[in-house]
Amino acid sequence: MKPDGAVFVKSAPEYGRTMHMRYPPIDGFWTWDIKRDRVYGDANLSDYFGLTLDEFSHGAPLERCMQSIDQDDRSRVRLAIRKAVERRSGFREVYRVRSEKMGLRKILAVGQCYADDAGEPALYPGWFIDLTNDAAGEEQALREIHNHVGQAKDIARSIGHDLVSYLLDNIEEEVEQRLGPRLGRRRS
């Protein structure tokens, strides 16, 4: 411990059981007072979730925050939060949020449920990072994979390697499923 009370944190061995995950810079923070159902957050949380900074300064109900989560992700996020609270454990989910200021964004949210002296869930602090640009990079990478696999499949067919061609066809289908409707927009 440093003299001012700060704690030194050492990295665990790279392949050790307690390896720490490394995250990019954090985009926003929150603390959920579970007993009072009030979420407190910073200005970035306000921007991403479409609530006012005043709402987060005084504490907004969790349900108000949930309304900003994309409809397709909402039930999965609710379940993950419920499990974290029931187990007094961590939370780590990737989902989409929508606000007027930020538009549709893909975020990674990480939180932890803490219990009070009686063992009841009490506080749930957390943070998030914006993965939206990473998602665009992922799409580009999938497009490149799709093109390379298609070329490899053509080569395998031309030299009579039917099994390799078949396997590459399956890989190509998997990539196409991941790209979904985005595949037809633009080819690189």
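## An aromatic cluster

Trp-32, Phe-91 and Tyr-124 are joined into a cluster by ring pairs, where rings of Phe, Tyr and Trp (its six-membered ring) count as paired if their centres lie within 6.5 Å, and planes under 30 degrees apart are called stacked, those over 60 edge-to-face and the rest tilted. This is a predicted model, in which local features need pLDDT of at least 70 and side-chain atom pairs count only at pLDDT 80 or more, while totals for chains, interfaces and linings use all residues. Residues are numbered from 1 along each chain as its sequence is written, and side-chain values use heavy atoms, with hydrogens and water left out.

The structure holds three aromatic pairs. Tyr-48 and Phe-128 form an edge-to-face pair, with 4.8 Å from centre to centre and 65° between the planes. This pair links distant parts of the chain, since Tyr-48 belongs to helix H1 and Phe-128 to strand E6, 80 residues apart. Tyr-48 is buried at a relative accessible area of 8%, and Phe-128 is buried at 0%; buried here means under 20% relative accessible area, exposed means over 50%, and partly exposed lies in between (1.4 Å probe, protein chains only).

## Overall architecture

The protein has six helices and six strands, these being DSSP runs numbered from the N terminus (H or I of at least four residues for helices, E of at least two for strands). Along the sequence they follow the pattern β-β-α-α-α-α-β-β-β-β-α-α. Of the 188 residues, 34% count as buried. Among contacts (heavy atoms within 4.5 Å), those with a separation of 6 or more come to 45% from residues 24 or more positions apart.

## The nonpolar cores

In soluble globular proteins, nonpolar side chains tend to be buried together. The largest nonpolar core here has 27 residues, and those with the most contacts inside it are Trp-32, Phe-49, Ile-81, Phe-91, Tyr-95 and Tyr-124; such a core is a set of buried Ala, Val, Leu, Ile, Met, Phe, Trp, Tyr and Cys residues joined through side-chain atoms within 4.5 Å. The elements that each supply at least two residues of this core include strand E1 (28-33), helix H1 (43-49), helix H4 (71-87) and strand E3 (90-99), and the largest share, five residues, comes from H4.

Leaving aside neighbours within four places in sequence, the contacts of Phe-49 include Phe-56, Cys-65, Tyr-95 and Ile-107. A second, separate core of five residues includes Leu-108, Val-110, Ile-129 and Leu-131.

## Salt bridges

A search of the whole structure finds 15 salt bridges, each a side-chain nitrogen of Lys or Arg within 4 Å of a carboxyl oxygen of Asp or Glu. Lys-35 and Asp-116 form one at 2.1 Å, N to O. Lys-35 lies in the loop between E1 and strand E2 (38-41) and Asp-116 in the loop between strand E5 (114-115) and E6, so this pair ties together parts that are 81 residues apart in sequence. Lys-35 is exposed at 52%, whereas Asp-116 is partly exposed at 23%.

Another salt bridge joins Asp-169 and Lys-153, whose closest N and O atoms are 3.1 Å apart. Asp-169 sits in helix H6 (residues 162-179) and Lys-153 in helix H5 (residues 132-158), so the pair ties together parts 16 residues apart in sequence. Salt bridges that share partners also join Asp-70, Asp-73, Arg-76, Glu-93, Arg-96 and Arg-98 into one network.
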